[in-house]
Amino acid sequence: MKDAESGASTRSVPLRKKLQESNETRNVPRWYVLRAAYGKERHYFQMMTQENYTVYCPTIRVRKRINGKLRNVTESRIPNIFFAYGTLDELKAVVYDNVRFPHLRFYYRHLHEGARITRRPLIVPDYQIENLKIICASESENIIIVPSGVEKFKTGQTVRVIEGAFAGLIGKVARYHGQQRVAIIIDGLLTIASAYVPKAFIEIIV
């Protein structure tokens with residue numbers, strides 16, 4: 001069947017629309033998840049920072065005994081993972097640079113499309129990055145990366161933390177390891193839960 005004005009087959013319209021949307025998406029800056037093998041995430045994070053990319057690597061300061069002495073050490077909250085903001089093509093220029101970034105790749109999300117399984121670079125919404133920053137800025141060692149099999153946060157109420165170290169955090173509330181916590185769920189990557197948050201410090205979002 002032909003379109004009356006263009007003469008083009010109407011069967012090709014959904015495909016053209018899909019291609020157009022795909023091209024538009026490629027030109028929109030977003031937060032992408034990058035995976036660095038061999039614990040090189042902070043090294044690549046520093047390299048991209050020096051080249052004026054917008055990147056975020058959640059870290060924590062911990063006390064460790066090194067050569068018999070206690071020292072403050074900075075470690076990644078999420079091993080081998082950091083986040084970069086840009087268009088898909090901008091970040092491909094880095095990820096596909098096997099000379100300077102030989103162990104850097106996109107973190108892919110696998111999707112079922114009929115009988116086929118496709119993979120796409122995982123995109124994290126801006127608000128989830130902001131929530132992740134709030135959780136990780138607390139420097140609390142009691143923050144927990146929740147195993148994927150734990151479902152209680154997915155069914156918890158959506159709340160906003162209004163006081164304390166996690167003020168501004170929006171997430172799902174549930175009791176975990178005997179304490180009330182607020183967690184953010186980054187689909188396809190992880191669930192990360194705050195340290196203890198008193199009931200008086202949260203409000204329910206309707």
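Analyst: Let's start with a term: rings of Phe, Tyr and Trp (its six-membered ring) pair if their centres lie within 6.5 Å, and planes under 30 degrees apart count as stacked, over 60 as edge-to-face and the rest as tilted. This is a predicted model, where local features need pLDDT of at least 70, side-chain atom pairs count only at pLDDT 80 or more, and totals for chains, interfaces and linings use all residues. Residues are numbered from 1 along each chain as its sequence is written, and side-chain values use heavy atoms, leaving out hydrogens and water.

Searching the whole structure gives 8 aromatic pairs. One of them joins Tyr44 and Phe101: the ring centres are 5.3 Å apart and the planes stand at 55 degrees, so this pair is tilted. Because Tyr44 belongs to helix α2 (residues 41-50) and Phe101 to the loop between α3 (88-95) and β6 (104-106), the pair ties together parts that are 57 residues apart in sequence. Helices (H or I, at least four residues) and strands (E, at least two) are DSSP runs, numbered from the N terminus. Both Tyr44 and Phe101 are buried, meaning under 20% relative accessible area, with exposed over 50% and partly exposed in between (1.4 Å probe, protein chains only).

Helix α2 also holds Phe45, and strand β5 (residues 81-86) holds Phe82, so their pair ties together parts that are 37 residues apart in sequence. Phe45 counts as buried at 18% relative accessibility, and Phe82 is buried at 0%.

Elsewhere, ring pairs link Tyr32, Tyr96, Phe106 and Tyr108 into a cluster.
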